[in-house]
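This report describes the fold of one chain, from its overall layout down to single residues. The sequence and the model come first.

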Amino acid sequence: VEALREQISKTGWVYNQGSNSFVKDGKDLTLSLVTGDSPLYTSTAQFLKKSWEELGIKINVDSFSNSH
């Protein structure tokens, strides 16, 4: 985890341990993850969200209907 945080810091993001987030120009490092709403996709997206947030990267998960 620390090695990954170091790599992210090299790109100009500053890790804030108190909030467990990376900040640059006053904004949190936030990514969006878009997935289908099937149980497998939803559980995978939640796993990725939890993993990335442990590093300090905020994740917004958006899902869409898989039906046509």
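From the N terminus on, the elements of the chain run α-β-β-β-β-α-β, which makes 2 helices and 5 strands. Helices (H or I, at least four residues) and strands (E, at least two) are DSSP runs, numbered from the N terminus. This is a predicted model, in which local features need pLDDT of at least 70 and side-chain atom pairs count only at pLDDT 80 or more, while totals for chains, interfaces and linings use all residues. Residues are numbered from 1 along each chain as its sequence is written, and side-chain values use heavy atoms, with hydrogens and water left out.

**Overall dimensions**

The radius of gyration of the chain is 14 Å, whereas a compact globule of 68 residues would have one near 11 Å. That radius is taken over C-alpha atoms, and the globule rule is 2.2 Å times the number of residues to the power 0.38. Along the principal axes, the C-alpha atoms fill a box of roughly 45 × 25 × 20 Å. The accessible surface comes to about 4,900 Å², and carbon and sulfur atoms hold 56% of that surface; areas come from the Shrake-Rupley method with a 1.4 Å probe, and for residues only the protein chains shown count as cover. Of the 68 residues, 22% count as buried (buried means under 20% relative accessible area, exposed over 50%, partly exposed in between). Among contacts with a separation of 6 or more, 57% are between residues 24 or more positions apart (contact means heavy atoms within 4.5 Å).

**The sheet**

Three strands form an open sheet in the order S1-S2-S3, with antiparallel pairing. Its edge strands are S1 (14–16) and S3 (27–28), each of which pairs on one side only. Two strands pair if DSSP finds at least two bridges between them. S1 and S2 are joined by 3 bridges, and S2 (residues 21–24) is paired with S3 over 2 bridges. The residues that stand opposite each other include these:

| Residue | Partner |
|---|---|
| Valine 14 | Valine 23 in S2 |
| Valine 23 | Aspartate 28 in S3 |

In the hairpin of S2 and S3, 2 residues lie between the strands, and aspartate 25 in the turn has a positive phi of about 55°.

**Helix H2 and the residue after it**

Helix H2 (residues 39–55) has 17 residues and spans 25 Å from its first C-alpha to its last, close to the 24 Å expected at 1.5 Å a residue. The expected span is 1.5 Å times one less than the number of residues. Just after H2, glycine 56 has a positive phi of about 110°.

**The nonpolar core**

Which residues make up the largest nonpolar core? They are Ile8, Trp13, Phe22, Leu29, Leu33, Ala45, Ile57 and Ile59. Such a core is a set of buried Ala, Val, Leu, Ile, Met, Phe, Trp, Tyr and Cys residues joined through side-chain atoms within 4.5 Å.

Leaving aside neighbours within four places in sequence, isoleucine 57 is in contact with Ile8, Leu29, Leu31 and Trp52. Isoleucine 59 lies in strand S5 (residues 58–64) and counts as buried because its relative accessibility is 2%. Not counting residues up to four places away in sequence, isoleucine 59 touches Leu31, Leu33, Lys49, Trp52 and Glu53. Leucine 31 is 28 residues from isoleucine 59 along the chain, yet their C-alpha atoms are separated by 4.9 Å.

Methods:
Buried < 20%, exposed > 50% of the residue type's maximum accessible area, 1.4 Å probe, protein only.
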